[in-house]
Amino acid sequence: MIEERAVVSRVDGRQVWVRPFGNESCARCREGRGCGGGMINRLVSSRRPDIEVHPGRAVPMPVAGDTVIIGIDESALMQAALAVYAVPVAGLLASGTFAHLALQAHDLLVAGFGLLGLVAGFAVTRGFSQRVKRRPGFQPVLLRRDAAPEGCAVRG
């Protein structure tokens, strides 16, 4: 189980929404010596969406503002990463190879087929994400309340 700290943004009945901590909680990222995720995060978006999590059975319901630990199964994360990265690249390579070998097309047409395969790979990935979005193993789960002191980024 991969775990991450988050803050409960709202609670509505048995539904809990959280906002994960960003790279600002990492001292190395604040100093600019991190892995580069902070720079990518700033380039992509500074706004983090709320994520719906399923409360665990033995976890008391949190209230808005609580710091909690959420988790997701490693295999679900690996399947999602494979879908996001490998499927579009496989579509690009397969369609480009088809155009080159079977059709013996010009390089520009091979590139066009490759682009078409890439777009098709993204469409397949989107369909995969819509299909598995509500499956239990692919949903983050509320594991426990965080016992770390306030303002502490790393638990010891």
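How many nonpolar, polar and charged residues does the lining of the largest pocket have? By class, this lining has 12 nonpolar, 3 polar and 1 charged residues. The legends below describe close-up views of a predicted model.

**Figure 1. Overall arrangement of the chain.** The predicted model contains 4 helices and 5 strands. Read from the N terminus, the order of these elements is β-β-α-α-β-β-α-α-β. The chain has 156 residues, of which 28% count as buried. When contacts between residues at least 6 apart in sequence are considered, 75% of them join residues at least 24 apart.

**Figure 2. The largest pocket and its lining.** The volume of the largest pocket is about 590 Å³. Its lining comprises 16 residues, and those closest to the pocket centre are Ile-72, Leu-77, Ala-80, Val-84 and Phe-138. Two elements, helix H3 (74-101) and helix H4 (107-132), each give two or more residues to the lining. Helix H3 gives the most, with 7 residues. The class counts of the lining are 12 nonpolar, 3 polar and 1 charged.

**Figure 3. The largest nonpolar core.** This core is made up of 9 residues: Ala-6, Val-8, Val-16, Val-18, Val-53, Val-59, Val-68, Ile-70 and Leu-142. Strand E1 (2-12), strand E2 (15-20) and strand E4 each give two or more residues to the core. Within the view, Val-53 touches Val-16, Val-18, Ile-70, Pro-140 and Leu-142, if residues up to four places away in sequence are not counted. Another core, of 5 residues, lies apart from the largest one and includes Ala-76, Ala-83, Val-132 and Phe-138. Phe-138 is also one of the residues closest to the centre of the largest pocket.

**Figure 4. The aromatic pair of Phe-98 and Phe-113.** A search of the whole structure finds 1 aromatic pair. The ring centres of Phe-98 and Phe-113 are 6.4 Å apart and the ring planes stand at 45 degrees, so the pair is classed as tilted. Because Phe-98 belongs to helix H3 and Phe-113 to helix H4, the pair ties together parts that are 15 residues apart in sequence. Phe-98 is partly exposed, at 44% relative accessibility. Phe-113 is likewise partly exposed, and its relative accessible area is 24%.

**Figure 5. Gln-104 in the loop between two helices.** Gln-104 is placed in the loop between H3 and H4. The phi angle of Gln-104 is near 45 degrees, which is a positive value in a residue other than glycine. Is Gln-104 buried or exposed? With a relative accessibility of 66%, Gln-104 counts as exposed, because the cut-off for this class is over 50%.

Figure 6. Thr-67 is found in strand E4, which spans residues 67-72. The relative accessibility of Thr-67 is 17%, and Thr-67 therefore counts as buried, a class that covers values under 20%. Which residues are in contact with Thr-67, leaving aside its neighbours within four places in sequence? They are Arg-5, Ala-6, Val-7, Phe-21, Arg-145 and Asp-146. One of these contacts, Ala-6, is a member of the largest nonpolar core. Another of them, Arg-5, is located in strand E1. Arg-5 counts as buried, at 13% relative accessibility. From C-alpha to C-alpha, Arg-5 and Phe-21 are 6.2 Å apart in space, while 16 residues separate them in sequence.

Figure 7. Met-1 is situated in the segment before E1. At 48% relative accessibility, Met-1 counts as partly exposed. Met-1 touches Gly-71, Ile-72, Asp-73, Glu-74 and Leu-143, not counting residues up to four places away in sequence. Among these, Ile-72 is one of the residues closest to the centre of the largest pocket. The C-alpha atoms of Met-1 and Ile-70 are 9.5 Å apart in space, and the two residues are 69 residues apart in sequence. Ile-70 also belongs to the largest nonpolar core.

Terms used. Residues are numbered from 1 along each chain as its sequence is written. This is a predicted model: local features need pLDDT of at least 70, side-chain atom pairs count only at pLDDT 80 or more; totals for chains, interfaces and linings use all residues. Side-chain values use heavy atoms; hydrogens and water are left out. On a 1 Å grid over the protein atoms alone, a cavity is a set of points where a 1.4 Å probe fits but cannot get out, and a pocket is an open set with protein on both sides within 12 Å along at least five of seven lines; lining residues have an atom within 4 Å of a point. Grid points are joined across faces, edges and corners, and a volume is the space filled by probe spheres set on the points. Ala, Val, Leu, Ile, Met, Phe, Trp, Tyr, Cys and Pro count as nonpolar, Asp, Glu, Lys and Arg as charged, and the others, Gly among them, as polar. Buried means under 20% relative accessible area, exposed over 50%, partly exposed in between (1.4 Å probe, protein chains only). Contact means heavy atoms within 4.5 Å. A nonpolar core is a set of buried Ala, Val, Leu, Ile, Met, Phe, Trp, Tyr and Cys residues joined through side-chain atoms within 4.5 Å. Rings of Phe, Tyr and Trp (its six-membered ring) pair if their centres lie within 6.5 Å; planes under 30 degrees apart count as stacked, over 60 as edge-to-face and the rest as tilted.
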